[in-house]
Amino acid sequence: LLYRSLQQPAYRRHWGERFGIGLPSFKDEGPPLIWIHAVSLGETRALTSLLPAIANRYPEHRLLLTHGTPTGREAGAELLKPLADAFAETQQCYMPYDQQTAVDRFFECYNPKIGLVIETEVWPMLMARAKAHGVLMLLVSARLSEKSLSKAQQTRRLIEPALNAFDRILCQTENDMQRILQLAPSAKCQVCGNLKFDAKLSEVMIRQGLQWRTVHENDLEIPMDHHGFVDFESQSKSSGPDRQVRRWLLAASTREREEELLLKQWQALHEAGKQGTVLVIVPRHPQRFAEIAQVLEQYCPARWIRRSDSSFPRLGPSIQVVLGDSMGEMAAWYALADVVVMGGSLINSGSQNLIEACAAGKPVILGPSIYNFEQAAKQAIDAGAALQTESSQVLKLALELADQPGRCQTMGENARRFVACHQGATECVISVLKALRSF
């Protein structure tokens, strides 16, 4: 915790909670308590549709939201704000480490009736003590890649009883369910879909991103259609033949080493070909903002700007790259973008979540590594919403695609349809909750 706090000071707060000490309490025992664990930012974002559905199904209940990272906790706090009146009371804390005394303190403090764990957080002691305390446990939107299965096989003696302790495991896909059953043949599994398809993008952030698009060096507005694409017909009528429309390439949720790989590609692209184009790099982890700033200064000195700079979104004529050094604005960046390059897919880390970009109606470029979202990525490619290429070619392909606004718009429409066709996980979770217990 101390080491991580050197780059992300938020890790210095609430240390006691991680050991089951000083946990925030509810005012009184009150109505039954529903507990949801979303470890980090991605899992918390997946709750944007599930939390309102639970509030609708169980009004006036208490809700406890637990996390493992500061970014997850911050995102959770934003999700809870509009639900303040829907629950009798809400609280947040960090999930204690998987040690019996700490976990027992947690259950004795809160006494939840039901626990929902999002995606992959399967901890042996947590599950053993949940059973001992009589907590109904669900693993929701569960996923397990081939790579994770191979790793989990090495600790099967711990993982199998933990999986069996769930009252129900609601898997994202049939492949995820079959891999989980390889680890725990007796586990109570069913396919329920991926909550990320149901997640709602922030309308406030969408409007923010569209506003950014309208700002140009000469303060003229760029007309757009309702999907956030430039309206080229209106543009040609209103601004004359000399007006240049800016194109935006977004490298979303990039991981370590990907930024340098992208900047090398950017440098190699012909200057005339990328004229009027801006590359936006938004790192996955905020503690890396300073590190990426140094990389940018090395590769393109005086040709980049931070999102936090007071002049943004106005860019000087020499600016080609923007560092997205802000939190909670990914939907705005998607609204701004013409094409999205998905971080995590350029190195062997399995890709970040491409579903949000598709939900925003933007075409997606993927590198070769997609194992974390393998089925969704392949389905998006088959649906004409995404393209896949070698890591060394992603910006070249993105630039070629951005030069074809008609194709971008078609892929964006395909992306929206792709997301709509795979929604429904939230309804499935609520149905399972109704069937398992009424309280």
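**Entry 1: the disulfide**

A disulfide is a pair of cysteine sulfur atoms within 2.5 Å. I started with that cut-off and went through the cysteines of this predicted model. How many disulfides does the structure hold? I found one. The disulfide joins Cys192 to Cys428, with an S to S distance of 1.9 Å. I then looked up where the two partners sit. The pair links distant parts of the chain, 236 residues apart. Cys192 lies in the loop between strand S7 (189–191) and helix H10 (203–214). Cys428 belongs to helix H19. I also noted the angle about the S-S bond, which is -130°. The link of Cys192 and Cys428 is left-handed. Is Cys192 buried or exposed? I read a relative accessible area of 7%, so Cys192 is buried.

Next I checked Cys358 and Cys421. Cys358 is buried, with a relative accessible area of 0%. Cys421 is exposed, at 65%.

**Entry 2: the sheet**

I moved on to the strands. I found an open sheet of seven strands, with parallel pairing. I wrote down the order as S3-S2-S1-S4-S5-S6-S7. Which strands stand at the edges? They are strand S3 (89–94) and S7. Each has a single partner strand, so one side of each is left without a neighbour in the sheet. The twist averages 20° from one strand to the next. Helix H4 (residues 70–80) packs on the sheet and touches S2 and S3. The direction of H4 makes about 175° with that of S3.

Strand S6 (residues 168–171) and S7 run parallel, joined by three bridges. Leu170 has Gln190 in S7 as its bridge partner.

**Entry 3: strand S1**

What joins S1 to strand S2 (residues 62–67)? I counted five bridges, and the two strands run parallel. S1 also pairs with strand S4 (residues 114–118), in the parallel sense, over four bridges. Trp35 shows both pairings. Its bridge partner in S2 is Leu64, and in S4 Trp35 stands opposite Gly115.

Then I checked burial. Five of the five residues of strand S1 (residues 33–37) are buried, so S1 is largely enclosed by the rest of the structure. Which way do the residues point? Leu33, Trp35 and His37 point one way from S1. Ile34 and Ile36 point the other way. Both groups are buried.

**Entry 4: Leu433**

Last, I went back to helix H19 (residues 425–436), where Leu433 is found. Leu433 is buried, with a relative accessible area of 3%. Which residues does Leu433 touch, not counting residues up to four places away in sequence? I listed Tyr58, Ile114, Leu116 and Leu138. I also looked up Ile54. Leu433 and Ile54 are 379 residues apart along the chain. Their C-alpha atoms are separated by 9.4 Å.

Methods
Residues are numbered from 1 along each chain as its sequence is written. This is a predicted model: local features need pLDDT of at least 70, side-chain atom pairs count only at pLDDT 80 or more; totals for chains, interfaces and linings use all residues. Side-chain values use heavy atoms; hydrogens and water are left out. Buried means under 20% relative accessible area, exposed over 50%, partly exposed in between (1.4 Å probe, protein chains only). Contact means heavy atoms within 4.5 Å. Two strands pair if DSSP finds at least two bridges between them. Axes are lines fitted to C-alpha atoms, for helices over the stretch in contact, and angles run from 0 to 180 degrees between N-to-C directions.
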